[in-house]
Amino acid sequence: MGLIGGAAAGSWLTGAADAAPTPADSFAKGRDLWHDTPVDTLFPRTVDGLGVGPGGSDRRWTRIAVAPDGGCAQALDPALAKALAPAGCTRLLRATYTDATRSSVITVGALTTKADAPGMLKLNSRFSTNNLGARTTMLPLPYAAKGTPAAGFGRAQRASWTVRILTDVPVVVYAVSGFADGRTVTDPQPAESAVRPGTTTAPAESGLGNDAKALADRTEANLRKAASIPGQTTEEP
């Protein structure tokens with residue numbers, strides 16, 4: 001009986017140790033991802049997207065630059081910075097990618113906020129209710145690293161974008177894409193619109209909407225995996 005009791009107790013202890021983290025645990029862990037997660041985990045050197053391009057084509061992106069982690073003051077346009085201000089900013093991580101043809105460039109950002117879970121829910125609701133993420137005034141800024149194909153990727157070159165307010169971790173994920181040749185884009189389009197079948201805009205036909213959406217999806221997945229949130233990824237890594 002002693003052996004049986006010991007085995008049962010051991011089983012209970014193992015079960016407790018292996019229990020999935022609570023949402024509160026994962027949210028708290030997400031607050032520290034910016035300094036606990038290796039850059040190659042959050043922003044892999046290469047990303048393969050099977051079937052995520054226009055018409056279900058495969059895409060592949062290569063990381064060409066990683067920005068030093070820092071604050072948000074110089075990294076966001078005023079309107080987007082104002083919209084996100086209620087949540088605060090602890091750190092902003094950014095990386096820039098190019099596609100396999102080196103014809104497009106995409107900056108992905110992960111902004112860790114100071115907000116608690118109710119604060120993130122409130123911010124998410126405000127963005128969703130007012131469709132803020134689709135406004136051209138909310139376009140994120142690219143990270144135009146010198147000496148890379150993204151060197152000419154400035155405000156005027158932004159073609160497609162997405163902004164996501166996560167609620168299971170205190171992070172805002174965004175992506176913004178443009179042409180690597182530096183051409184000006186006069187009519188940028190949100191990624192969620194550009195990826196719709198039959199859309200014939202330049203961001204849609206060039207795949208720039210797909211680039212922004214897919215890399216934002218992958219960054220979300222990487223963040224949630226790092227925060228030990230099961231079954232919440234938007235795309236398999």
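Is Glu192 buried, partly exposed or exposed? Glu192 is partly exposed, its relative accessible area being 36%; buried stands for under 20% relative accessible area, exposed for over 50%, and partly exposed for what lies in between (1.4 Å probe, protein chains only). The views below come from a predicted model, in which local features need pLDDT of at least 70, side-chain atom pairs count only at pLDDT 80 or more, and totals for chains, interfaces and linings use all residues. Residues are numbered from 1 along each chain as its sequence is written, and side-chain values use heavy atoms, with hydrogens and water left out.

**View 1. Helix H9, residues 208–226.** H9 has 19 residues and reaches 27 Å from its first C-alpha to its last, close to the expected 27 Å. The expected span is 1.5 Å times one less than the number of residues in the helix. Helices (H or I, at least four residues) and strands (E, at least two) are DSSP runs, numbered from the N terminus. Of the 19 residues of H9, 17 are buried, so the helix is largely enclosed by the rest of the structure.

**View 2. The salt bridge between Arg164 and Glu192.** The side chains meet at 3.9 Å, N to O; a salt bridge is a side-chain nitrogen of Lys or Arg within 4 Å of a carboxyl oxygen of Asp or Glu. The pair links distant parts of the chain, with Arg164 in strand S5 (residues 158–165) and Glu192 in helix H7 (residues 191–194), 28 residues apart. Arg164 counts as buried at 12% relative accessibility, whereas Glu192 is partly exposed. The structure holds 14 salt bridges.

View 3. An α-helix has 3.6 residues a turn, so residues three or four places apart point the same way. Lys213 is partly exposed at 30% relative accessibility, and Asp217 is buried at 8%. Salt bridges that share partners join Arg164, Asp168, Glu192, Lys213, Asp217, Glu220 and Arg224 into one network.

**View 4. The salt bridge between Asp40 and Arg63.** The N to O distance between these side chains is 2.7 Å. Asp40 belongs to helix H4 (residues 39–42) and Arg63 to strand S2 (residues 59–66); they are 23 residues apart, and the pair links distant parts of the chain. Asp40 has a relative accessible area of 35% and is partly exposed. Arg63, at 17% relative accessibility, counts as buried.

**View 5. The largest cavity and its lining.** The structure holds 1 cavity of 30 Å³ or more, and the volume of the largest is about 30 Å³. A cavity is a set of points, on a 1 Å grid over the protein atoms alone, where a 1.4 Å probe fits but cannot get out; lining residues have an atom within 4 Å of a point. Grid points are joined across faces, edges and corners, and a volume is the space filled by probe spheres set on the points. The lining consists of Leu42, Phe43, Pro44, Val47, Tyr97, Val108, Leu215, Arg218, Thr219 and Asn222. H9 supplies the largest share of this lining, 4 residues. By class, the lining residues are 7 nonpolar, 2 polar and 1 charged. Ala, Val, Leu, Ile, Met, Phe, Trp, Tyr, Cys and Pro count as nonpolar, Asp, Glu, Lys and Arg as charged, and the others, Gly among them, as polar.

**View 6. The disulfide between Cys72 and Cys89.** The S to S distance is 2.1 Å, where a disulfide is a pair of cysteine sulfur atoms within 2.5 Å; the count comes to 1 disulfide. The pair links distant parts of the chain, 17 residues apart: Cys72 is in the loop between S2 and helix H5 (78–84), and Cys89 in the loop between H5 and strand S3 (91–99). The torsion about the S-S bond is about 70°, so the disulfide is right-handed. Cys72 is buried at 13% relative accessibility, while Cys89 is partly exposed at 23%.

**View 7. Positive phi at Arg102 and Ser228.** Arg102, a residue other than glycine, has a phi near 60° and is found in the loop between S3 and strand S4 (104–112). Ser228, also not a glycine, has a positive phi of about 65° and lies in the segment after H9. Ser228 counts as partly exposed at 30% relative accessibility.

Methods: On a 1 Å grid over the protein atoms alone, a cavity is a set of points where a 1.4 Å probe fits but cannot get out, and a pocket is an open set with protein on both sides within 12 Å along at least five of seven lines; lining residues have an atom within 4 Å of a point.
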